[in-house]
Amino acid sequence: MNKHIQRFLLITLLLGAFPSSARSATKVSFPFTPISAASLPWWMAKESHFYEKYGLDVDMIYVGASPVIIQAMLGGQAFVGAGGGPPLVSNVLQGGDIVEVATTVPYAIQSLIVKPEIKTPADLTGKKIGISRLGAIPHFTLQAIVKMHNVQGINIVQTGTTTQAITSLSQGLVDGMITSAPFTFRLMKDGYRELVSPKEFKKAGVEFLIQGLVARKSVAAKNRESVIGMIKATLEGTKQIFVNEKLTKSVLAKYTRQTDPEILDQTYKFALDIFVKDPTVTPSSIQPIVQQAAQFNLVDAKLANSTPISAYYDNSYVDEIKRSGWLAELWR
């Protein structure tokens, strides 16, 4: 046999024996929000090439509000995305097929940042407070604050992205805003006041699934390996937060454009406190969302009461990962 042909056949066989991630990678559009510490696992996965490790070519698309992510997924633009909270509940009760498949943050981590002259919740009466979008998690957070402190007469302003909200605050268009780290630390350093913090939510028992992975059931079932790959990459990204402080701060600086060492250090410590190592979705993290969404008239109360909590999530992907021993090995 001709030597050139032999060499060609050998190379072909070798290429066939080792699948090329460049050739076989599954393209995945991944809409996410917010630009804050809550998105760290996905940024870490991207920067550490964990998506490629699981055969995924992930296009991360920033979306300014969680309801828009749900809309995009229902419109067929993505079958997996970042999400949780009220938009997930509203989707299910309106007949949508998007469910939570993994948890990253199962409790409130946002703050109400206000002008320094606003010293107590009672001072919020008549004030303008910025949220990203009606029905999004910041809206839910603000409604929880209203209930906690029995505040009346707050004017809600949809400000869009965090950058737009900060601009509105600095220009005096709003008197406060709902946001999270690192922007809470940045704003406080600039003289603004943290009127309500995540610690207060926790003390008051305000628990709800604020962040995780959501998937469209009808499509995810046909792309099960991709969903499992997304969960694994997310978990590997999460682990990197715990074991690689230098990289985590570098990624935070890159995506949030915060370069102040003090703010990055505060945000890193904040991140260590918020992420869970077990991504299983729990009924207790969803039940409060349903109850409060009904109380705030964001959903039909009768329908919410008659819909089983299991309708909002699917733990079969995480269960499969656990059965394989992969999760236990990751955190060993």
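**Exercise 1.** In this predicted model, determine which residue of β8 stands opposite Val114, and describe the sheet around this pair.

*Solution.* Val114 faces Gly176 in β8. Next, consider the strands involved: β5 (residues 111-114) and β8 (residues 176-179) are paired in the antiparallel sense over four bridges. Both strands belong to an open sheet of five strands, ordered β7-β6-β8-β5-β9, with mixed pairing. At the edges stand β7 (155-158) and β9 (193-196); each has a single partner strand, so one side of each lacks a neighbour in the sheet. From one strand to the next, the twist averages 35°.

**Exercise 2.** Explain why helix α6 (residues 86-93) is described as largely enclosed by the rest of the structure, and state what covers the helix.

*Solution.* Begin with the individual residues: Pro86, Pro87, Leu88, Val89, Ser90, Asn91, Val92 and Leu93 are buried. Eight of the eight residues of α6 are thus buried, so the helix is largely enclosed by the rest of the structure. The elements covering these buried residues include α5 (66-74), β4 (98-105), α7 (137-149), β10 (211-216), α15 (283-295) and α16 (301-306). Finally, just after α6, Gly95 adopts a positive phi of about 95°.

Conventions: Residues numbered from 1 in each chain as written. Predicted model: local features only at pLDDT ≥ 70, side-chain atom pairs only at ≥ 80, totals over all residues. Heavy atoms only, no water. Buried < 20%, exposed > 50% of the residue type's maximum accessible area, 1.4 Å probe, protein only. Helix = DSSP H or I, 4+ residues; strand = E, 2+ residues; numbered from the N terminus. Contact = heavy atoms within 4.5 Å. Pairing = 2+ DSSP bridges. Axes fitted to C-alpha atoms, helices over the stretch in contact; angles between N-to-C directions.
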